[in-house]
Amino acid sequence: MSLMDNSLWAVLTSSFSAAIWSKLWPSIFDTFYMTGLASLIVLIFGLALGILLTVTSPDGLYPIKGLYTVIGWFINTLRSLPQMVMIIMLIPLARLLFGKSYGANPCIIAIAASCIPMYARIVESSILEIGKGKIEAAKSIGSTNFQIIFLVLLPETLPSLVRGFTLTVVAVLSMTALAGMFGAGGIGDIAVRYGYQRFQHDKLFACIYVLVIIVQLVQWAGNFASNRILKVRALI
């Protein structure tokens with residue numbers, strides 16, 4: 001049902017029909033799959049890169065100027081690329097890994113590659129907020145760099161890391177919608193193929209409902225986890 005031939009109320013009413021949602025459920029599961037797997041990859045590699053940036057910085061626990069410069073340049077380069085350009089650039093890699101350049105799994109690579117630099121910078125910023133006094137205190141009792149990272153830096157910044165990861169998951173979700181244009185499936189595929197190309201605006205509205213609800217749930221979960229950590233530590 002299109003807005004060009006029907007009223008807004010008629011289109012909105014149609015967007016809640018069982019016929020539309022029966023076709024939408026498989027795409028919703030595809031979106032959850034892409035978002036979940038890509039977010040996990042972003043969490044692992046983004047956290048590792050963020051820690052590496054902080055540790056090897058000139059004021060870090062183990063300064064390595066050359067490595068810090070290279071990693072920083074690499075992250076900034078990836079962050080400068082628009083999401084659509086990132087998907088296109090990684091098509092050869094996706095084809096090499098999966099034997100095809102379309103579908104959910106190939107696009108997950110591009111989604112993760114686009115969001116890892118963002119989370120790495122969030123991790124770096126969060127760790128840099130820790131007072132040097134706590135790090136010096138850990139060194140004074142003989143803690144190794146490894147112990148300082150995993151027993152001081154990460155626990156101290158955990159609420160901030162959770163909030164940052166929440167923002168990153170929302171960014172991942174937005175990329176899954178964009179990846180629908182490249183055959184990844186999911187909500188984005190329905191929105192583009194039916195809502196845009198075929199002017200079926202009732203399906204487009206249904207896709208919008210799903211995306212809004214998912215973002216609200218992700219944000220609520222992130223805020224709840226972060227506040228829970230702060231309450232346990234009696235900080236709020």
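A: The account below begins with the model and its confidence, then takes the salt bridges in turn and ends with the cysteines.

This is a predicted model, in which local features need pLDDT of at least 70 and side-chain atom pairs count only at pLDDT 80 or more, while totals for chains, interfaces and linings use all residues. Residues are numbered from 1 along each chain as its sequence is written, and side-chain values use heavy atoms, with hydrogens and water left out.

The pLDDT, the predictor's confidence in each residue from 0 to 100, averages 85 over the chain, and 97% of the residues score at least 70. Among the helices (DSSP runs of H or I, at least four residues, numbered from the N terminus), α5 (residues 91–98) holds the lowest confidence in the chain, with a mean of 76, and α2 the highest, at 90.

A search of the whole structure finds 3 salt bridges, each a side-chain nitrogen of Lys or Arg within 4 Å of a carboxyl oxygen of Asp or Glu. One of them joins Arg-121 and Glu-124, with an N to O distance of 2.7 Å. These two residues are 3 apart in helix α6 and therefore separated by about one helical turn. Buried means under 20% relative accessible area, exposed over 50%, and partly exposed in between (1.4 Å probe, protein chains only). Arg-121 counts as buried because its relative accessibility is 16%, and Glu-124 is buried at 7%. Leaving aside residues up to four places away in sequence, Arg-121 touches Leu-53, Gly-72, Ile-75, Asn-76 and Arg-79, where contact means heavy atoms within 4.5 Å.

Asp-189 and Arg-193 form another bridge, also at 2.7 Å from N to O. Both lie in helix α9 (residues 186–196), 4 residues apart, about one turn of the helix. Asp-189 is buried at 14% relative accessibility, whereas Arg-193 is partly exposed at 30%.

Lys-134 pairs with Glu-156, their closest N and O atoms being 2.9 Å apart. Lys-134 belongs to helix α7 (residues 132–140) and Glu-156 to helix α8 (residues 145–179), so this pair ties together parts that are 22 residues apart in sequence. Lys-134 is partly exposed, at 45% relative accessible area, and Glu-156 is likewise partly exposed, at 37%.

As for the cysteines, the count of disulfides is 0, a disulfide being a pair of cysteine sulfur atoms within 2.5 Å. The sulfur of Cys-107 is 13 Å from the closest cysteine sulfur, that of Cys-115, which is too far for a bond. Cys-107 is buried, at 2% relative accessibility.
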